[in-house]
Amino acid sequence: MTSDQTLALEPDQERALQTLMRRYRGRGQSALLPMLHEVQAITGWVDEPTARAVAHTLGIPEIEVHNVLTFYTLFYTEPVGKRVIRVCNDIACVLAGNGELIQRLAEELGVDPETGGTSADSRFTLELHPCLGHCERAPFLMLDEEPMGPVAPDQVPDLLGGVS
Amino acid sequence: MNYEPVLTARIGVVDPACLHDYEAHGGFQALARAVELGPDRTVAQVEAAKLLGRGGAAFPAGIKWRAVHNAEGPKFVVANADESEPGTFKDRILMEKDPYALIEAVILAGYATGAGKGFIYVRGEYPRAYQRLRQAVARCYEAGYLGKDILGSGHEFHLELRRGAGAYICGEETALFESIEGKRGYPRLKPPFPTEAGLFGRPTLINNVESLVSVLPIVLRGPDWFNSIGPANSPGPKLYSLSGRVRKPGLVEAPMGVTLRELIEAHGGGVSGSGEFQAALVGGAAGTFLGPDQLDTPLDFHSLAKMGAALGSGAVIVFDTSVDMMQVLERIAAFFAHESCGKCYPCQLGTMRQRDIIQRMVAGQGRPGDLQLLRDIGQTMRDASICGLGQTASSAILSAFELQLT
Amino acid sequence: MSDWITITIDGKEIQARRGELLTEAAARAGIHIPVFCSHPKLDPLGACRMCLVEMEGRRGKMLVTACTTPVNDGMVFYYNSERARDARQGTLEVILANHPLDCPICDKGGECDLQDQAMEHGPGKSHYWEPKRHKEKNYPLSDLIVLDQERCILCWRCIRYLDEWEDKPQLGLFHRGSDSVIDKFPGTELDAYTSGNIIDLCPVGALTNRLARFQFRPWVLEHTNSICTHCGMGCNLRIDTRDFRVRRNVARENMAVNDAWICDKGRFANGFLFSEKRLTQPLARIDGELQPISWPEAIQRVVEGLKGVVEKEGPGAVGGIGSAKLSNEANYLLGKFMRALVGTNNIDFREGSALKAERRGVTSLQDARDADLIVIMGADPSEEMPVLANFLKRAARRRNAPVIVIHPRRIELTKYPGVHFHPLPGDEPALFDALTKAALQARGQAVPNWLADAEVSDEVKEAATLLVNAQNPFIIYGTDYAWGYGSASIVQALTNWIVASGHGDRLGFLHSQANAVGAADVGLLPDMLPGHQRLADELARMELEKLWGSKIPTQPGLGYSGMIASALGRIKALYIMGADPVGEKSSYAEKLEALDFLVVQDLFLTETAKLADVVLPAASYVESNGTFTNTERRVQAAAQAARAVGDSLPDWAILMHIARRYAPDQADFWRTSSAPAVFAEITRAVPQYAGMSWESLGERGQPWAWDALEVTRELAPYAKLEPAPLEKPFTFRLITGNLLWDEGNTFAATERMANLGHKAAWLHPDDAAGLDLREGDLIAVRSREASLELPLHISSRIQPGTVFVPFSLKDAPVGELFDEFGPRTTVAVYRA
């Protein structure tokens with residue numbers, strides 16, 4: 001299921017989105033993933049009207065956009081926090097004791113450590129992620145696109161506090 | 001131990017952002033050499049080197065190169081940089097630290113096969129590798145390594161970067177094509193194979209990052225040099241991603257066939273935690289566990305295949321005796337249930353049932369017959385699934401039970 | 001034939017066709033390899049893995065999917081090997097482990113592939129303990145179809161059908177792994193016109209018919225082969241009844257007609273059959289009110305009423321109007337009755353003599369599928385004949401057939417590459433002249449003087465060249481160009497183009513009514529005898545007189561609108577069967593009221609019936625036997641499937657009763673006691689039907705040959721078309737046309753579909769902006785004749801300067817607006 005909510009965009013985000021739409025006009029299905037990456041870089045997640053606009057911009061059926069949005073875990077059809085923290089929850093990081101790290105992050109953000117979630121102030125979304133491919137730096141996390149590891153639980157307050 | 005790294009020689013030495021630095025460290029010499037040799041003889045070098053694909057399937061690269069070289073009409077080269085096998089990080093380090101090498105290799109492959117366009121499909125969770133490559137591609141266009149008449153060869157070649165978006169299945173080559181085409185990453189039926197009908201239905205050469213980068217020294221130093229390293233039936237240098245309970249986890253370049261013991265002791269600084277080796281998972285979640293009796297196994301494709309294991313991507317995750325292996329199996333089962341694409345029933349439903357059963361066992365509610373049930377599910381997935389994901393989704397778990405690790 | 005090869009399955013050699021799929025080859029040898037995702041009408045997918053067999057390969061035996069493996073000579077397969085059996089059984093077990101097994105309340109129970117395969121290939125018991133997953137169980141995809149995601153086994157047939165056949169991909173797979181579900185884009189409803197076919201395709205009970213849900217268990221249904229009468233395609237149906245009542249329509253395969261598909265109107269819009277509003281007994285006007293009477297009394301009144309007029313005013317004062325929706329038998333007997341017993345040629349139907357159309361319809365429906373070029377003129381197959389539209393879409397997508405569209409609206413088929421023209425009403429002849437000239441030039445032929453001034457644009461040249469070079473074009477025109485004011489000129493103009501292109505013999509007409517071809521075949525026309533023989537043809541007349549036992553008048557009669565118009569004059573009595581002129585144009589009421597005697601025979605108390613002296617309740621086509629002739633001249637049988645409502649009787653039977661009472665001395669010529677017997681008589685009256693019989697029509701019907709009727713087509717000048725004047729305030733050109741979801745009597749009677757119709761007048765965005773109108777505003781469309789109030793729909797599919805008002809809108813019949821320019825009048829548009 002997808003969210004009934006819609007995006008509330010700032011004027012500069014609207015403008016950026018419009019520019020993007022012009023750039024992708026008529027480029028067809030093969031441009032769908034690159035376009036969704038770029039859309040999300042502006043909006044954070046993709047609501048229904050935006051998905052529809054993407055379909056119309058590329059000239060593809062609407063259903064194709066949702067087929068793809070719901071398949072790939074880096075695309076969101078529901079609101080996410082301003083920043084997304086992806087904590088690796090795979091073998092090497094489990095061995096390196098990521099449980100404490102996750103516990104600490106969940107406590108700070110007030111979300112369920114078993115499933116992750118978005119903090120009440122919508123600033124952060126915590127995600128438990130399959131292997132992020134940085135096993136030599138376990139326990140590892142990515143703050144949006146910034147790789148961090150190994151991260152000790154007591155670094156968490158600084159990590160969250162240092163984010164604007 | 002006096003092996004001198006080749007694939008990783010520039011790592012930590014060159015500035016990954018700097019094309020000149022790359023050129024100053026042997027960059028684009030392989031491409032120049034290939035242009036001297038011409039496409040046909042370049043392909044012959046790859047064939048003679050007996051390079052086996054480094055992504056995990058160990059398919060002879062030369063066969064693919066020759067097939068695409070011989071194919072008519074528009075064709076493509078694709079670098080499979082969707083490295084997602086748990087425990088594997090070799091390709092990421094190559095791309096982050098030596099991005100031009102991959103680009104050179106793709107251009108070289110395009111020249112040798114006659115493809116006019118290449119794609120590098122970078123895993124979505126590797127933003128840094130993507131940024132480095134993006135910058136490097138732009139520099140290569142400026143410098144004339146991409147575009148028209150590359151190095152005076154008359155060959156025109158364009159390269160486009162694509163980002164994955166969080167789907168393990170897209171490491172499967174045909175699912176990766178679907179993803180580039182803007183669709184869900186569902187594996188296609190084979191045949192037809194990519195060399196006949198791949199990306200956009202055209203003949204396509206698709207190789208793993210490490211495989212492509214391995215071609216550069218093959219062309220420069222010759223296939224004989226390549227064959228002089230490692231065992232005769234799976235020769236060459238190999239990258240191992242070493243992690244888990246070792247003192248020095250990290251990327252290791254060694255001759256193919258290094259033993260597990262040597263990898264852990266000499267390169268990894270020995271087992272950490274309890275200090276006592278319990279097992280290693282070789283080949284990632286899709287791989288198999290090796291126990292203490294198998295520490296002297298050479299880690300090459302054929303030696304492992306003989307014992308029913310697989311080298312896969314070269315990931316080695318080490319477990320000391322303090323690790324509760326059921327927890328590890330739970331992670332593996334959860335991983336496959338999360339990543340199964342859902343196209344075929346055996347994998348879609350099998351991975352789900354496998355996870356449910358393991359989780360029940362972890363919760364202390366195991367039942368007699370669970371092991372047989374897991375074996376049955378495993379057999380169905382192995383025999384009936386469309387692609388490698390389902391076919392290997394039970395191998396690690398079943399091997400752990402074989403070794404009685406739990 | 002060299003195409004036959006030998007393969008081996010389980011040690012047994014079998015013959016197969018080279019390149020066919022293993023599933024097909026095995027089936028012919030009696031080995032039915034189980035499948036879920038595979039379907040003969042859909043592209044192979046290979047996802048479900050139920051059809052795994054072992055194949056001997058270079059590196060030993062390997063498991064392959066039989067549904068995607070083409071066979072070649074010498075291939076060796078093992079279907080019953082242990083490994084293959086285990087793989088299939090294991091796959092089935094994981095499916096069953098998640099399937100809810102709510103078979104007792106499932107509409108599919110008894111006709112479910114999963115049940116059948118569990119029976120044949122299942123493990124017998126499950127060794128899973130984990131709970132089943134939970135998903136949406138009652139998830140409407142539209143007003144017509146509901147999805148049960150738990151029952152769904154993700155075979156993708158529904159997804160693939162909508163994509164591969166209708167080219168409207170509206171269903172997708174969302175999420176992944178075991179969370180995968182079939183779903184639609186949020187906030188949308190499935191609105192593909194043939195969406196119901198996915199119910200037939202679904203191998204389990206995941207997709208069910210919302211209108212028929214929970215009404216029956218499939219095994220209690222009686223099946224009757226029938227056809228659909230909503231349009232001229234004649235799609236083959238199976239009508240399922242229980243307790244003599246229609247429960248559902250499903251598609252019946254006929255490769256020559258509808259393949260295995262029907263549209264949603266044909267599937268779901270059957271509410272008219274059991275509507276509360278059906279007439280159940282004869283009515284007669286007594287003391288000014290319509291009151292129930294008995295059949296004998298009703299027949300007596302009809303006979304007396306007609307006879308009284310004939311005696312007083314002569315037979316020329318009587319007329320009969322039939323219907324292109326009714327059977328050959330009904331229309332034939334009405335014509336026979338009027339000609340042989342009353343003695344008049346005043347007979348017609350709405351799309352009869354007024355239609356300037358190719359009587360033979362289209363060359364063949366198969367030609368649409370094989371086309372290398374598609375030419376559509378003044379027709380909109382997507383709205384008028386959705387299954388044909390799907391064939392055309394496939395030709396466009398899979399055979400790369402360019403699509404040339406000439407239509408006042410940007411119809412759906414304009415989404416395919418080709419050349420598309422949108423001439424305004426009145427401008428069509430100029431376009432066809434240009435195309436004709438370009439075609440002649442392309443073929444190096446002389447351009448006659450009267451075409452010298454035609455202006456050939458690049459697009460015209462492109463379209464003309466495409467047609468000249470086409471090998472197997474499918475060329476049709478439709479009612480928009482062939483009916484009403486100016487149609488004679490337009491049809492000649494377009495005929496000129498097709499003749500000039502060298503394809504004169506391929507020009508076909510898309511009959512939008514179920515039996516428009518048949519009604520003309522059986523001679524319900526004022527100037528033509530059965531079999532398209534001219535009234536003046538003495539020999540033909542004599543043959544018929546022998547068959548009918550009486551003289552046929554030689555003076556051509558009045559047509560449909562002539563009869564109605566003359567109701568104020570020389571026409572004093574009308575027998576109207578299955579037509580509703582007043583519903584189409586309310587001002588006809590005062591004309592019909594002036595008649596001395598009016599009989600209406602119908603399913604419903606229509607606006608026309610309300611004026612009648614006698615109303616006769618007719619049984620629907622489902623409640624009687626009958627034959628219908630579709631737009632490719634295929635005569636098809638629709639057998640009685642349900643019991644007639646109330647005291648209603650089949651049209652043919654009513655006419656027999658009336659005829660026998662009307663002329664007892666002629667009773668020998670009115671002895672046929674069943675619809676098949678009437679059909680047998682028709683085959684003697686209609687030369688093209690010679691040799692056919694009710695039995696020989698069988699399940700597939702029998703077409704009469706395209707060249708069984710000679711039609712001469714020549715390049716010829718024609719009368720200039722003077723368009724209706726554009727003068728204030730009448731500054732918009734009116735456009736009409738059929739939409740699938742209309743609000744006509746037969747459709748509106750299915751209450752669950754009531755929301756599908758969109759009552760609106762359509763304007764181009766620029767025009768709407770110019771008038772400061774918004775979507776949904778109530779607007780008035782006024783002609784010199786009348787005015788209609790309608791909500792506005794703004795669409796760029798409409799040309800600026802035109803307003804589109806579809807036919808059959810409830811309380812807003814566009815016919816009200818027609819003046820001497822008919823459907824091509826000019827109108828004023830303003831805020832109501």
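The model is predicted, so local features need pLDDT of at least 70 and side-chain atom pairs count only at pLDDT 80 or more, while totals for chains, interfaces and linings use all residues. Residues are numbered from 1 along each chain as its sequence is written, and chains are lettered from A and ligands numbered from 1 in the order in which they are written.

**Chain C overall**

- Chain C carries 25 helices and 36 strands; these are DSSP runs numbered from the N terminus, with helices being H or I of at least four residues and strands E of at least two.
- The C-alpha trace of chain C spans about 90 × 65 × 60 Å along its principal axes.
- Buried residues make up 56% of the 832 in chain C. Here, buried means that 20 or more other C-beta atoms lie within 10 Å of a residue's own, exposed means 12 or fewer, and partly exposed is in between, with C-beta atoms placed from the backbone.
- Of the contacts in chain C between residues at least 6 apart in sequence, 71% join residues at least 24 apart; a contact needs C-beta atoms, placed from the backbone, within 7 Å.
- Chain C splits into domain 1 (4–80), domain 2 (135–274), domain 3 (283–354 + 515–706), domain 4 (365–509) and domain 5 (732–831), with bounds that come from an automatic or database domain assignment.
- Between the C-alpha centres of domain 1 of chain C and domain 5 of chain C there are 55 Å.

**Chain B overall**

- Chain B has 17 helices and 9 strands. Its radius of gyration is 21 Å, close to the 22 Å that the globule rule gives for 406 residues, so chain B is as compact as a globular protein of that length.
- The C-alpha trace of chain B spans about 70 × 45 × 35 Å along its principal axes, and 62% of the 406 residues of chain B count as buried.
- Three domains divide chain B: domain 1 (19–227), domain 2 (237–320) and domain 3 (325–402).
- The C-alpha centres of domain 2 of chain B and domain 3 of chain B sit 23 Å apart. Their contact takes 7 residues from domain 2 of chain B and 11 residues from domain 3 of chain B. On the domain 2 side, that's 5 nonpolar, 2 polar and no charged residues; Ala, Val, Leu, Ile, Met, Phe, Trp, Tyr, Cys and Pro count as nonpolar, Asp, Glu, Lys and Arg as charged, and the others, Gly among them, as polar.

**Nonpolar cores**

- The largest nonpolar core has 434 residues, and those with the most contacts inside it include B:L102, B:V106, C:V53 and C:I374. A core is a set of buried Ala, Val, Leu, Ile, Met, Phe, Trp, Tyr and Cys residues joined through C-beta atoms within 7 Å.
- Helix α6 (residues 99–113) of chain B brings the largest share of this core, 11 residues.
- Another core of 23 residues lies apart from it, with C:A761, C:W762, C:L809 and C:V829 among them.
- Neighbours within four places in sequence aside, the contacts of B:L102 include B:A79, B:I120 and B:V213.

**Between chains**

- Chain B puts 41 residues into its contact with chain A, and chain A puts in 29 residues. On the chain B side, α13(B) gives the most, with 6 residues, and the classes come to 15 nonpolar, 13 polar and 13 charged residues.
- Chain C has 26 residues in contact with 28 residues of chain B. Helix α2 (residues 82–98) of chain C supplies the largest share of the chain C side, 9 residues, and that side divides into 12 nonpolar, 9 polar and 5 charged.

**Strands in chain C**

- An open, antiparallel sheet of 3 strands runs in the order β28-β29-β30 (chain C); strands pair if DSSP finds at least two bridges between them.
- Its edge strands, β28 (626–629) and β30 (702–703) of chain C, each pair on one side only. β29 (residues 634–638) of chain C is joined to β30(C) by 2 bridges, and C:V635 has C:Q702 as its bridge partner.
- β8(C) and β9(C) form a hairpin with 6 residues between them, and C:H175 in the turn has a positive phi of about 60°. The two antiparallel strands are joined by 4 bridges, with C:F174 partnering C:V181.
- On β8 (residues 171–174) of chain C, C:L171 and C:L173 point one way and C:G172 and C:F174 the other way, and all are buried.

How values were computed:
Two residues are in contact if their C-beta atoms, placed from the backbone, lie within 7 Å. The radius of gyration is taken over C-alpha atoms; the globule rule is 2.2 Å times the number of residues to the power 0.38.
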